[in-house]
Amino acid sequence: MDQVASAHPRDVVEKVAASLSCSPTSAQLASYFDQHDNLKHLREHFLVPKLADLPNCDLSLVDSSQESIYLVGNSLGLQPKLARKYLEEELDKWAKTGVHGHTQGSRPWAWAENNIEGLMADVVGARTEEVALMNGLTVNLHLLMLSFYQPTAARHKILLEDKAFPSDHYAVDSQIRLRGFDPKHSMLLLSPRPGEETLRTEDILKVIEKEGDSIAVVMLSGVQYYTGQHFNMAAITEAGHRKGCIVGFDCAHAAGNVELKLHDWSVDFACWCSYKYINSGAGGIAGAFIHEKHKHTIKPALLGWWGHDLKTRFQMTNELDLQPGVNGFRLSNQPVLLVCPLQASLEVFNMTNMQALRRKSILLTGYLEYLIQYYYTKDPTQPHKPHVHIITPSDPQQRGCQLSLSFSVPIRKVHQELEKRGVVCDMREPSVLRVAPVPLYNSFSDVHRFITALGEALAASSQ
């Protein structure tokens, strides 16, 4: 896998296939990549749904004993095997010791999340004291923006993508209204150039340079949920700071997917959910980041007991001893039953590092791209043949593991036929199928099986 660091994945696919004297489309190549995958053992720590258990799978078309082709970690990651064990430990402790569980055991409920914040910090490239595990993503976004968004008559705009994830759009809209401004004038939306589907870095930087004096906060995604584009967060942060803007990111689709360096890039704030690439389960506890440079200057607008220093928290004096930085933004104790699956997943991340996962991801996603282009590129000589267009950038540095696919045939039918064949991926209106081979647990054979199923699905959709 190390050869990927210096070569385009397309070149690696073709070079290795030539060395094996097989076609780049052969299952033999997928098997070879899997055999030489230094991270293949990580899959063993997750539960992959069986085809027999999937609700829309047609068991007459598949071998029901096989595992599904699970390519939707961008929406919900797989369950770590240790999640059940950790949950049962806490349920057992609750049953046997009751209230004493707050301070007893390996996971005391009163500070359980503190035990794993260092592991989370490693995933997002932060220092432990810059990260808090709390709430849900949108709650954290609101809490952070209440402090970081301080609009004035001259500087009141918030810059975000035109098609940001709805929760981001709604949060920004409401924050602007809360401060007495009009979103029509204060929401500055970035759109691709006419005829293009993703944003050019140069265009983002030009808007910041041109409008920066009126921008209070730059608030973009780390990885765009619809297109799968990975923004140049370091360049955007630098450009924003040069114009005096606060720069924050929604890292929901970036955390656990791409290599982040939130501290080194000097990002002001960030937040993310943990149930996608970080596999904490639906609605899992979310993360928040505030750079240490702000720890004595940025204070929470809303206070809660859990923002009080743990050493004196239970003295109940009602004289606030506020923790510095992001820790002061905590409001309530965290639900230990949500901490358990997150701990189980972060311990798997701790068996490797984001650099190694990213190296595998580049080749794994590049292999998927290669096969899609090989089989389904538009052919002018066969105008009626179904074809697939990848809207995600082809540059590996501008994407994570997700490829967003647009089809020449009705997408809903294709998705239904894929589900019948045991493929788990998702649709996003109006016309995109999102496919995400996650390096933590997906294999090259998963990708090859997907391509085979896609061929069958397209054939069935055309009948």
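Glu-89 is partly exposed, with a relative accessible area of 29%; on this scale buried means under 20%, exposed over 50% and partly exposed in between, with a 1.4 Å probe and protein chains only. The structure is a predicted model, in which local features need pLDDT of at least 70 and side-chain atom pairs count only at pLDDT 80 or more, whereas totals for chains, interfaces and linings use all residues. Residues are numbered from 1 along each chain as its sequence is written, and side-chain values use heavy atoms, with hydrogens and water left out.

Glu-89 forms a salt bridge with Arg-107, the closest N and O atoms being 3.3 Å apart; a salt bridge is a side-chain nitrogen of Lys or Arg within 4 Å of a carboxyl oxygen of Asp or Glu. Arg-107 lies in the loop between helix H3 (82-97) and helix H4 (117-124) and Glu-89 in helix H3, so the pair ties together parts that are 18 residues apart in sequence. Helices (H or I, at least four residues) and strands (E, at least two) are DSSP runs, numbered from the N terminus. A network of salt bridges links Lys-85, Glu-89, Glu-90, Lys-93 and Arg-107.

In total, the structure holds 28 salt bridges. One of them joins Arg-193 to Glu-202, with the closest N and O atoms 3.3 Å apart; Arg-193 is partly exposed at 30%, as is Glu-202 at 41%. Another is formed by the side chains of Arg-242 and Glu-238 (3.6 Å, N to O). These two residues are 4 apart in helix H9 (residues 233-242), which separates them by about one helical turn, and both are exposed.

Strand E12 (residues 403-407) has 5 of its 5 residues buried, so it is largely enclosed by the rest of the structure. In a regular strand the side chains alternate between the two faces of the sheet. In E12 both faces are covered, with Leu-403, Leu-405 and Phe-407 buried on one side and Ser-404 and Ser-406 on the other. Strand E12 pairs in the antiparallel sense with strand E11 (residues 388-390) over 3 bridges, pairing being assigned if DSSP finds at least two bridges between two strands. Here Ser-406 is the bridge partner of His-389. The pairing of E12 with strand E15 (residues 432-435) is also antiparallel and extends over 4 bridges, with Leu-405 opposite Leu-433.

Helix H14 (residues 444-461) has 18 residues and reaches 25 Å from its first C-alpha to its last, close to the 26 Å expected at 1.5 Å a residue; the expected span is 1.5 Å times one less than the number of residues. Buried residues of H14 include Phe-444, Val-447, Phe-450, Ile-451 and Leu-454.

Most residues other than glycine have a negative phi, and most peptide bonds are trans. Asn-135 is found in the loop between strand E4 (131-133) and helix H5 (137-148) and counts as partly exposed at 26% relative accessibility. Met-316 lies in the loop between helix H10 (310-313) and H11 and, at 54%, counts as exposed.

Helix H11 (residues 336-349) contains Leu-337, which is partly exposed at 38% relative accessibility. Val-336 is also in H11 but is buried, with a relative accessible area of 12%.
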